[in-house]
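Here are some exercises to work through with the model open beside you. Try each task before you read its solution.

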Amino acid sequence: MESSGPEVPVTYTLRLGDEADPTAVTVVTPAFRRAFDFVDAYLATGEGEVGESGRALAIIGGLGTGKSHLARSVIDRIRKRQEDAIVLRLDTPHTGFGFLFRNVLIEQFGKDRLHDLVIDYYAQVTAAKLPTGEGEDHLSASIRAGLLAGTVDPRKVIEHYHLAQATLVGELRRRLSHLPEHAPYATALALMVMDDLVDPVWEWLSGGPPGQELRDRGVTHQLATPADAYNTLAVLAFLAGRMDRRLVLVIDEFEKLLGAPGPWEQAALNSFDELVQVFIETRSLPVFCGMTDSLAKLPPGLLQRTRVLTPTPFGATEMAELLGKRGREVSASLAGGLVEMSDGNPREALSLYRRSEAIVAGRGGGGSVTTAVLREAVRQRSQVPAEQVTGAVRTLLEESGLDFRSSIVLTGGADPVDFWIPYGDGSAAIAVLVTRSLLRKGEEVYLRAQVDAAREAAVPCEVIVVVNGHLTARMRAEVSGLTGRQPLVFDLPGFGTAFRSAVDAAVRRLAAAADEGALDGLRRQMDRLSRQQTATQNMMDNLLESVAGLKTSAPGTGRPAPPLPARIAAQFDDAAADTDPSGDLGGILTELFDDPGNTEVSVRARRRLSSRELVEAAGTVWLQRQLLDAFRERLSAFLGGAGPGPLTSAQEEELLAMCRTFEVSVQALPPAPISAPVWRDPRSSARPARGRALDELGRRVLSEVRTGTRG
């Protein structure tokens, strides 16, 4: 087979860290052209303009769609168009951001580059101190121009004009005071103008403990946490922006930086959000790649300032070019077959072609890849053991509480129905059919016979098809037309949710078709819930045992936590008042029992008491109170263990995470439980939905502890 492309493996793909030029293996799709237009507009934006410099760039798509390749091409585009651009990249992070910053990003930025930026900034400050107007001579004007152009060392100018270096360093520190967590960074960066302090400052920025030179000048905090790492990178973005340098940060699979769901994920998300905002404000460019659902984690405000690009599936022309650039000439029909078998996913198509070549080589005697070989390669890879699929379906049906039978032989000589779920009196049913890969027209014939047999055995009959393997877009349309719903492809991560939704939808359609009476429908629903409770009882028992075990093994002295300091306790008392609904609820209860003989009054009270809105409001307030008590107990234990004196950096970080976790958790609850109309006595005036004492408790506690109110 003739090769028209470079000598690279057929499955060769790019990562952000690869140094090779990607041009030779890149297929320029519409997504690439949109990304290049975005980058060109960003680089053309001048100081003070918004344009594309007021946005971040998100490259979003599924696995193998070309996100990383596109991001790498964006990096190369920027480097070619702006040679002095500073490009930092994180390639599929597998550890925390703090480690990645100290061991990857700070080294990419470079000590010498940072020193040069600080000196250039120092030159601007020095130029502003030279005489102007009537006192300015030709030499001063020339020196000022050299300082601003970066061709004159500001430290030599200080010696020539006998300027006070301490004053200039102080001015630089003042200008840098706009940086996040500004004080220590401004002090440290100002010290970098002195050559003998460059290394100590660099070591501190890289996460090392501050040396004596920095401690003597008030820099005592070690940058050891992920939040410190985010802040340091924001500082670098600020400094680069002030010196009109383009700083670009590219992160592949950025959602891995956030970790597992929970308070630490929220803290990481807050830091990431702040970092991106600083980048946007300083005309730096954040580029992050992620899966399709990763954008759901980002705050709405950040999404509004983000340009989202999604690589589209390849067509036959692009697929032929993709293989051609890797030394494989393919016909238009074979390229079309690759598109159909891979849904246009470039990585999947390359992998499929490699497996097809292996099949041809294993047969011996030469030969070439054909569409038939592609179908064989798809079936070898995509299909899992049939027992695994039917076992997963059986488990899901058992958990649902539905009554079902398996491997039912119906009339007409068709293959058995894998699962049969009777509905009502048995005249209606749901049939679940598990089939192999469906790749081309005609392969659905045996499935059609099963569907016909099921619909003869039950009227009406809802059919759910589960495909064990691959389903082409054409065959998806065929099957959905046959059954009236989209088929499900067995995929372990998302199959359970999709299958439950399909079964629930089928039950609703059968209920509507049967037009059953309310009592019969309720009885059947109760039977189903009873079976569902039985199926999940063991799981609940195990969960309770696990919680009991955690409580038993939790560390502690067994002594009650010490009381909180008075001012902090008062903050908690104020917040607790926001979670006390007894006055409003008491009005309802009083109305219910004060005059039981008054039918109209008591009926009205009973209706309000049993309303869904009141129950939801009561549950929300209960959650608020439980959250408040847990925060109070945890803070009391923390302060008791911290002891007198200032907090250590680790304790400071723990306190900050604790307070942020409380505020985020409170604000995630429904906003207006107390003022719901069914809760509030109509004779009383409206109360605020939730007081500031509760919403702002976290930051108030943080402020009290930091200012020394601990005893």
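**Exercise 1. Work out what share of the contacts between residues at least 6 apart in sequence join residues at least 24 apart.**

Solution. Start with the cut-off: a contact means heavy atoms within 4.5 Å. Among contacts between residues at least 6 apart in sequence, 70% join residues at least 24 apart. Before going on, note that this is a predicted model, where local features need pLDDT of at least 70 and side-chain atom pairs count only at pLDDT 80 or more, while totals for chains, interfaces and linings use all residues. Numbering runs from 1 along each chain as its sequence is written, and side-chain values use heavy atoms, with hydrogens and water left out.

Next, the inventory: the protein has 29 helices and ten strands (DSSP runs numbered from the N terminus, H or I of at least four residues for helices, E of at least two for strands). Of its 711 residues, 47% are buried (under 20% relative accessible area; exposed is over 50%, partly exposed in between, with a 1.4 Å probe and protein chains only).

**Exercise 2. Find the largest nonpolar core and say which residues have the most contacts inside it.**

Solution. A nonpolar core is a set of buried Ala, Val, Leu, Ile, Met, Phe, Trp, Tyr and Cys residues joined through side-chain atoms within 4.5 Å. The largest one has 62 residues, and F97, L114 and L233 have the most contacts inside it. Helix 11 (residues 226–242) gives this core its largest share, nine residues. Now zoom in on L233: leaving aside residues up to four places away in sequence, L233 touches L88, F97, F101, L105, L249, L275 and F279.

**Exercise 3. Describe how helix 4 and helix 9 pack.**

Solution. For helix 4 (residues 111–129) and helix 9 (residues 198–205), the axes come within 11 Å and cross at roughly 115°. Helix 4 and helix 9 are therefore roughly perpendicular (65 to 115 degrees; under 35 is roughly parallel, over 145 roughly antiparallel, the rest oblique). K111, L114 and H115 of helix 4 meet V198, D199, W202 and L205 of helix 9.

**Exercise 4. Is S407 buried or exposed, and which residues does S407 touch?**

Solution. First place S407: this residue lies in strand 6 (residues 405–408). At 54% relative accessibility, S407 counts as exposed. Not counting residues up to four places away in sequence, S407 touches P416, V417 and D418. S407 and D418 are eleven residues apart in sequence and 4.5 Å apart in space, C-alpha to C-alpha.

How values were computed
Axes are lines fitted to C-alpha atoms, for helices over the stretch in contact, and angles run from 0 to 180 degrees between N-to-C directions.
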